[in-house]
Amino acid sequence: MNSTHMLPNRRHLLAGTAAIAATVAAPAILRAQGGPLKVGMLLPRSGFEAGIGQDCQRGVDITPGILKSLGLPELTIINGDTESNVDTAREHAEKLISDGAQLLVGAFDSGQTTAIAQVAEQKGIPLVINIAGAPDITEQGYKFVFRNFPTAPMLTRDGFLAQKAVFDIVGKAPKTVAFMRVNDTFGTAMSKAFAAMMPKFNMPYTIADEISYDPAARDLSVEVTKAKATNADAILVVGRLNDAMLITRELVKQRWTPQAILSVGPGWYEDQYIKTLGKLSDGPMSFVPWYDPNKKLSKALEDALAAKYPGINLNTNHVYTFEALLVAADAYKRAGSTDPKALADAVRTTNITDNASIGPGISFNAKGQNDKIIGGGIQNRGGKLITIAPKEAANGQPVWPMKSYQDRA
Amino acid sequence: MGLDVYLNVAVAGVLTGLVYGLMALGLSVIFGVVRVVNFAHGEMMSIAMYIAVVLFSSFHLDPLVMLVPIAAVMFVFGYALQAGLINPFITRPEHSQFLLVVALAIIIVNALLIIFGPDARTVQTSYAYDSFEIGPVIVDASKTYAAAAAIVVTAALFAFFRFTLLGKAIRACADNYTGALVVGLNVNRLYALTFGLGAACVGAAGTMMTLITDVTPALGPGYTLLAFVIVITGGLGSMPGALIGGLLIGLTEALAGLLFTPSAKSMFAFGILVLVLLFRPQGILGRRLT
């Protein structure tokens, strides 16, 4: 063989270079061509948080029709299951990105979301957090992480304000509370926020005892016995669905009905809580980020949920998961590209005023946090969720004290 | 805190411990004879729990009534599992057995997830929220029934192994595999029978557990771990040991939750396990293996 045939000539080199350049440029060209944005949707669809993860999924399911009615682009959802586990959340975030996700949304749990945020930042893919309260997530100087959900201090601030509003309306307030909380990232962050902020808000009660427990606990009889032994007027709780149901059952069995259950977090308003416990689910008040039932988009969400999932009440899980996808679609429309940096820039300049949650709308500060959200207060009554605070979003009055568990048929 | 608080917590701990003991009993029975460490224990219990849930939600059959039928179904399942799948692995290296049962556990969890979904399911009996008030002590009715079932099942198993010919033959297999073969015992059948009995215990435990906890596919691995802690503490292969191990862990968790912090309950349970492994490796009632 003649060795000269082995060497590329200048024409071959040019052709090869052009081919390589075309290959490298292809994704950019494709990115600019439009089509649905690929959104990696990370939720705890199995494991101990599966109930809430599935509830968030309902928010995903009702999104396409509403986005279309708002004239926003279509999204292609790629599902990922965090299995209620931090390590799995990290692995699945990486997998979704390698599978082509151009933006991530998730993941309900602060610990899991923290892990996903690290991956998103490292890979340069925008993450829009639907639900997660740990403040650290938006304190790391991340450029690709955005949160349309209150931080633990914001939750606490609004929780205290809404509680005081309720105490003013009913003209009564507990003098002592037993503080029961999960011992995970969220529960610990809330505990710190309570300790730091309670004196500033001049709350009418003191914490008789703080009782922390595993969020995956199978039995909370000792915890409830301990809380009951404090003789507190009310229970202040930061938990989730699993423990909300366990605590309620133990309250009934141990024949203790406190004046009020004041929840600052999820669990007590979940559809599964209401359906599983029936009349025993009545009474607890949740001071959480909520939706304004008087807003136009809230009504659209209620209608869409009623059509797809009859009998299920619209709640925070649906609204904030929807709003995270709304932010993604809005940013994609304005960016006109799936380029991650362009998307992140577009998310950063979000200004949605016609939203569903309580407050003036969705925009992000320099840290990627929507700091304009206002928390609400709701009470479980007759299988429905009544908004009791703030006054401008309320559609009912609070009932105080709770009806004794023993007097319910 | 008054004495009544300590009494309430101690009683709750004892009842929970007995239920734990019932849950771990099947694991101890299977290992005591077949020498297969069943890493699918909690997952098998999940199957029984789902059977109880389906029977209740479809036909309103009370778990207390269905205890024996579900145990019988699980006996057949365990017998078939041992005869068809596990028996060929009896003489293989332990890591092969380990991988087999772990694979089985994963299959069960995922099958339950596909069939029933991830949502928690519950059995709402008319007495689900009942409790007995005895002076200052409030006793959970469901836990009391489950604890009573634990004692009855343990006593029945103990009597079976102690006083029946079949039970003695199974014990002979456990004591000396080769000797049992030499005297003409059908060891494979006896092993399958034992696995079936272990599975029946798991079935009884799962049925009773539906009275006190919600059922999800993800429950299995947690219960497997807990069962191991209990039987290693009580003595692997010892039936009374399983009950005592359960009692010890239940009581330790309850009192640790009261006296220290509920967050540290599991830490104390594992602390007991470490102490047992250090000072009595065969467990409280276990026999020293040679």
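A residue counts as buried here if 20 or more other C-beta atoms lie within 10 Å of its own. With that cut-off in hand, welcome to a short tour of this predicted model.

**Figure 1. Helix α10 of chain B, a largely enclosed helix.** Of the 21 residues of α10(B), 17 are buried, so the helix is largely enclosed by the rest of the structure. Its length also fits simple helix geometry: at 1.5 Å a residue, α10(B) should span 30 Å, and its end C-alpha atoms are 30 Å apart, which agrees.

Figure 2. Which residues of α11(B) are buried? They are Lys265(B), Ala269(B) and Val276(B). These residues cover an arc of only 40° around the axis, which puts them on the same side of α11(B). Their packing partners are α9 (219–234) and α10 (239–259) of chain B. The face of α11(B) turned away from the buried side carries exposed residues, namely Met267(B), Val274(B), Leu275(B) and Leu278(B).

**Figure 3. Chain B as a whole.** Chain B contains 11 helices and 2 strands. Reading from the N terminus, its elements run α-α-α-α-β-β-α-α-α-α-α-α-α. The radius of gyration of chain B is 19 Å, close to the 19 Å that the globule rule gives for 290 residues, so chain B is as compact as a globular protein of that length. The C-alpha trace of chain B spans about 60 × 50 × 35 Å along its principal axes. Of the 290 residues in chain B, 53% are buried. Among contacts in chain B with a separation of 6 or more, 79% come from residues 24 or more positions apart.

Figure 4. Met66(B) sits in helix α3 (residues 63–86) of chain B. Is Met66(B) buried or exposed? It is buried, with 20 other C-beta atoms within 10 Å. Leaving aside neighbours within four places in sequence, Met66(B) is in contact with Ala52(B), Leu55(B), Leu61(B) and Thr207(B). For a sense of scale, Met66(B) and Ile108(B) are 42 residues apart in sequence and 22 Å apart in space, C-alpha to C-alpha.

**Figure 5. Where chain B meets chain A.** Here 26 residues of chain B are in contact with 28 residues of chain A. On the chain B side, α1 (3–34), β2 (137–140) and α10 each give two or more residues. The largest share of that side, 5 residues, comes from α1(B). By class, the side of chain B that touches chain A has 13 nonpolar, 10 polar and 3 charged residues.

Figure 6. Chain A has 13 helices and 12 strands. The radius of gyration of chain A is 24 Å, close to the 22 Å that the globule rule gives for 409 residues, so chain A is as compact as a globular protein of that length. Its C-alpha trace spans about 100 × 40 × 40 Å along the principal axes. Chain A is divided into domain 1 (37–150 + 298–305 + 314–374) and domain 2 (153–293 + 376–407). How far apart do the C-alpha centres of these domains lie? They lie 27 Å apart. The contact takes 24 residues from domain 1 of chain A and 28 residues from domain 2 of chain A. On the domain 1 side, α2 (50–61), α5 (110–123) and α12 (316–335) of chain A each supply at least two residues. By class, that side of domain 1 has 13 nonpolar, 9 polar and 2 charged residues.

**Figure 7. Backbone details worth a second look.** Most residues other than glycine have a negative phi, and most peptide bonds are trans. Ser84(A), not a glycine, has a positive phi of about 60°. Ser84(A) lies in the loop between β2 (75–81) and α4 (86–98) of chain A, and with 28 C-beta neighbours inside 10 Å it counts as buried. Arg35(B) also has a positive phi of about 60° although it is not a glycine. Arg35(B) is in the loop between α1 and α2 (41–59) of chain B, and it is partly exposed, with 16 other C-beta atoms within 10 Å. The peptide bond from Gly106(A) to Ala107(A) is cis, with omega near 0°, and Ala107(A) belongs to the loop between β3 (103–106) and α5 of chain A. The bond from Ala389(A) to Pro390(A) is cis, with omega near -5°, and Pro390(A) lies in the segment after β12 (384–389) of chain A.

Terms used:
Residues are numbered from 1 along each chain as its sequence is written. Chains are lettered from A and ligands numbered from 1 in the order in which they are written. This is a predicted model: local features need pLDDT of at least 70, side-chain atom pairs count only at pLDDT 80 or more; totals for chains, interfaces and linings use all residues. A residue is buried if 20 or more other C-beta atoms lie within 10 Å of its own, exposed if 12 or fewer, and partly exposed in between; C-beta atoms are placed from the backbone. Helices (H or I, at least four residues) and strands (E, at least two) are DSSP runs, numbered from the N terminus. The arc is that of the directions from the helix axis to the C-beta atoms. Two residues are in contact if their C-beta atoms, placed from the backbone, lie within 7 Å. The radius of gyration is taken over C-alpha atoms; the globule rule is 2.2 Å times the number of residues to the power 0.38. Domain bounds come from an automatic or database domain assignment. Ala, Val, Leu, Ile, Met, Phe, Trp, Tyr, Cys and Pro count as nonpolar, Asp, Glu, Lys and Arg as charged, and the others, Gly among them, as polar. The expected span of a helix is 1.5 Å times one less than its number of residues.
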